Amino acid sequence: TFVQVALSPKNVGAYTEISRQLLLQSSPGAEGIVTGDLAQVVALAADLAVLNGSGASGQPTGIINTAGIGSVTGTTLGYPGILEFQTDVAGSNVQPAAGGYVTTPTVAALMMQRVKFASTASPLWEGNVWDGSMSGFPAMSSNQVPSANMLFGDWSEVIVGEWGVLEIEVNPYANFQAGIIGIRSIYSLDVGVKRPFAFSLATTIT
């Protein structure tokens, strides 16, 4: 069965103002620092859109809210549950080309404290809280994942449609009389999942 994945642009932006005097007095240049910060804010919004976009109020539909993804029980999550993520995806005839886990920093820290085999130094999560590995796959943490959730899947199955690139524009006349300069960043994207069953989610992890 062939279906179409329809994408349409959703827009996210950030805006701030700085003064002419700040530009004159700053070193390094305040404009460069501010534009970098705005780009980071928009990047966090894009991360949220891909992982957990609601599909409402102008947001893309993220992986977690896509119908048809698999599920794993998060209660007292241990090594059997970590393996269940993989068997759940494998049961749908998916062999991940770019597989990996993503969860919150809190859950990542919890997994670092739990072991595969009792009374051994075999942590479920190896590495650091931000960037590690579990059971042969990369594992990362993000504050854009809902609390007590973990997602595993083939990330090559996610489509991020872009309309243009991140735009950063300067308005030197935001408040002409006061010498106030406006700086805006805006990004147009949408998210689609080619095969939802390539992902599996655990919620309420304890």
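Me: What should I know before I start?
Reply: Residues are numbered from 1 along each chain as its sequence is written, and side-chain values use heavy atoms, with hydrogens and water left out. The model is predicted: local features need pLDDT of at least 70 and side-chain atom pairs count only at pLDDT 80 or more, while totals for chains, interfaces and linings use all residues.

Me: How do I read a sheet, and what is the strand order in the open sheet of seven strands?
Reply: Strands of a sheet pair through backbone hydrogen bonds, either parallel or antiparallel. Helices (H or I, at least four residues) and strands (E, at least two) are DSSP runs, numbered from the N terminus, and two strands pair if DSSP finds at least two bridges between them. Here the open sheet has the order 2-11-7-3-6-5-4, with mixed pairing. Its edges are strand 2 (70-73) and strand 4 (126-127), each pairing on one side only. Inside it, strand 3 (residues 99-103) runs parallel to strand 6 (residues 137-141), joined by three bridges, and Val102 stands opposite Met140.

Me: Which strands pair with strand 10?
Reply: Strand 1 runs antiparallel to strand 10, with 10 bridges; Ala14 has Ser185 as its bridge partner there. Strand 9 is also antiparallel to strand 10, through six bridges, and Ile168 stands opposite Ser185. In the hairpin of strands 9 and 10, four residues lie between the strands, and Gly179 takes a positive phi near 70°.

Me: Is strand 10 enclosed or open, and why?
Reply: Buried means under 20% relative accessible area, exposed over 50%, and partly exposed in between (1.4 Å probe, protein chains only). Because 12 of its 14 residues are buried, strand 10 is largely enclosed by the rest of the structure. Ser188 sits in this strand and counts as buried at 16% relative accessibility. Its side chain makes a polar contact with the side chain of Asn11 at 2.4 Å. A polar contact is a pair of N or O atoms within 3.5 Å; within protein, one must be able to donate a hydrogen and the other to accept it, and residues adjacent in sequence count only if both atoms are side-chain atoms.

Me: What does the largest nonpolar core contain?
Reply: In soluble globular proteins, nonpolar side chains tend to be buried together. A nonpolar core is a set of buried Ala, Val, Leu, Ile, Met, Phe, Trp, Tyr and Cys residues joined through side-chain atoms within 4.5 Å. The largest one has 35 residues, and Ile82, Phe85 and Tyr101 are among those with the most contacts inside it. Helix 3 gives the most to this core, with four residues. Contact means heavy atoms within 4.5 Å; not counting residues up to four places away in sequence, Ile82 touches residues including Leu77, Leu124 and Met150. A second, separate core of 10 residues includes Ala14, Ile18, Val42 and Ile181.
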